[in-house]
Amino acid sequence: MIAPRRHGVAPWSVVAVHGGPGACGEIAPLAARLGRRFGVLEPWCVAPTLDGQIDEIAGAVAVTDRAVLIGHSWGAWTVTLFAARHPDRVAGLVWIGAPPFDTAAARTIEPIRLARLDAADRAEVAALTERLAEDADPAAFARLGRLLAATDAFDPRAATDDGTVEVRPEVYRAVWPEGAALRASGELRRTLRRLTVPVVAFHGEHDPHPIAAIADLAGEIPAGLRLRRLARCGHVPWREPAVRERFFHDLEADLASALA
């Protein structure tokens with residue numbers, strides 16, 4: 001198991017988990033910014049199973065009594081699964097750009113993304129997807145990620161590769177089917193009923209992951225869900241110039257409140 005990166009100083013009260021799966025380091029800029037005020041741990045999450053990735057999160061939380069867990073995209077699922085299993089270790093949950101928790105809502109994501117690409121890029125996405133089904137080529141995985149980042153961003157500057165991501169296509173190929181099956185069975189959504197802390201969900205209105213699918217979950221989380229809608233924002237708020245500072249202001253306030 002790779003030791004989590006540390007941002008700021010102890011006490012380690014925040015754990016920030018990247019998306020993908022396999023987009024290691026993606027959340028590093030957010031963790032570094034929060035590290036100015038909080039002690040933040042960034043697990044690498046490279047295990048080829050959901051249980052293994054949850055164990056990696058547990059390894060990070062083990063250095064503190066309780067922590068607020070932040071999960072971006074796929075990471076919203078893994079921190080939720082961890083919180084349902086270990087409620088005594090969780091002070092709060094934050095989702096950023098969470099994917100739908102049911103399969104029907106997820107079917108809208110690909111058409112939205114493809115509609116935002118020109119014909120040449122759509123053809124390249126199809127070719128890369130076909131190639132990655134046979135071969136976990138890091139270069140192809142990274143290229144596909146860059147194309148999709150362009151569809152997910154409101155401002156083109158938010159899709160710029162900042163060099164923080166170490167792509168692990170073998171992790172994606174190993175663990176994504178497990179998460180998709182958990183969603184398809186309904187078990188992922190049923191997990192929400194076991195949460196004992198409220199969820200704060202930041203979600204860009206331009207994010208192809210449907211914001212309505214997250215809003216619809218409010219009645220299933222016993223302690224409640226607070227949805228922070230972000231106008232002029234895509235899937236990665238900390239990269240979006242129009243909302244970046246307001247996003248961090250609100251996120252830091254939510255973290256301080258959960259840790260009080």
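Which residues of β5 lie on one side and which on the other, and are they buried or exposed? Ala 67, Leu 69 and Gly 71 form one side of β5, Val 68, Ile 70 and His 72 form the other, and all are buried, so that both faces of the strand are covered. The legends below describe close-up views of a predicted model.

Figure 1. Strands of a sheet pair through backbone hydrogen bonds, in either a parallel or an antiparallel sense.

**Figure 2. Strand β5 between β2 and β6.** Strand β5 (residues 67-72) is joined to strand β2 (residues 12-17) by parallel pairing over 4 bridges. Strand β6 (residues 90-96) likewise pairs with β5 in the parallel sense, here over 6 bridges. Val 68 can be followed across both pairings: Val 14 stands opposite Val 68 in β5, and in β6 the bridge partner of Val 68 is Gly 92. Of the 6 residues of β5, 6 are buried, and the strand is accordingly described as mostly covered. In a regular strand the side chains alternate between the two faces of the sheet. In β5, Ala 67, Leu 69 and Gly 71 lie on one side, with Val 68, Ile 70 and His 72 on the other.

**Figure 3. Strand β2 and its pairing with β4.** Strand β2 is largely enclosed by the rest of the structure, because 6 of its 6 residues are buried. With strand β4 (residues 39-42), β2 pairs in the parallel sense over 3 bridges. Trp 12 of this pairing stands opposite Gly 39 in β4.

Figure 4. The side chains of His 7 and Glu 42 are joined by a polar contact of 2.9 Å. Residues up to four places away in sequence aside, His 7 touches Trp 12, Ala 28, Ala 31, Ala 32, Gly 35, Phe 38, Gly 39, Val 40 and Glu 42.

**Figure 5. The packing of helices α6 and α7.** Two packed helices are described by the angle between their axes and the distance between the axes. The axes of helix α6 (residues 119-134) and helix α7 (residues 138-152) come within 10 Å and cross at roughly 145°. The crossing of α6 with α7 is left-handed. On the α6 side, Asp 121, Glu 124, Val 125, Leu 128, Thr 129, Arg 131 and Leu 132 meet Ala 140, Phe 141, Arg 143, Leu 144 and Leu 147 of α7. By class, this contact has 7 nonpolar, 1 polar and 4 charged residues. Thr 129, found in helix α6, is partly exposed, with a relative accessible area of 43%. Between the C-alpha atoms of Thr 129 and Phe 141, which are 12 residues apart along the chain, the separation is 8.5 Å.

Figure 6. Arg 168 is found in the loop between β7 (166-167) and α8 (169-185), and at 19% relative accessibility it counts as buried. Apart from neighbours within four places in sequence, Arg 168 is in contact with Ile 2, Gly 22, Cys 24, Trp 44, Val 46 and Phe 141. Gly 224 lies in the loop between α10 (211-215) and β9, and at 21% relative accessibility Gly 224 counts as partly exposed. With neighbours within four places in sequence left aside, Gly 224 is in contact with Pro 198 and Val 199. The C-alpha atoms of Gly 224 and Val 200 are 8.7 Å apart in space, although the two residues are 24 residues apart in sequence.

Methods
Residues numbered from 1 in each chain as written. Predicted model: local features only at pLDDT ≥ 70, side-chain atom pairs only at ≥ 80, totals over all residues. Heavy atoms only, no water. Polar contact = N/O pair within 3.5 Å; in protein donor to acceptor, adjacent residues only side chain to side chain. Contact = heavy atoms within 4.5 Å. Pairing = 2+ DSSP bridges. Helix = DSSP H or I, 4+ residues; strand = E, 2+ residues; numbered from the N terminus. Axes fitted to C-alpha atoms, helices over the stretch in contact; angles between N-to-C directions. Left-handed = near helix turned anticlockwise from the far one by under 90°. Nonpolar A, V, L, I, M, F, W, Y, C, P; charged D, E, K, R; others polar. Buried < 20%, exposed > 50% of the residue type's maximum accessible area, 1.4 Å probe, protein only.
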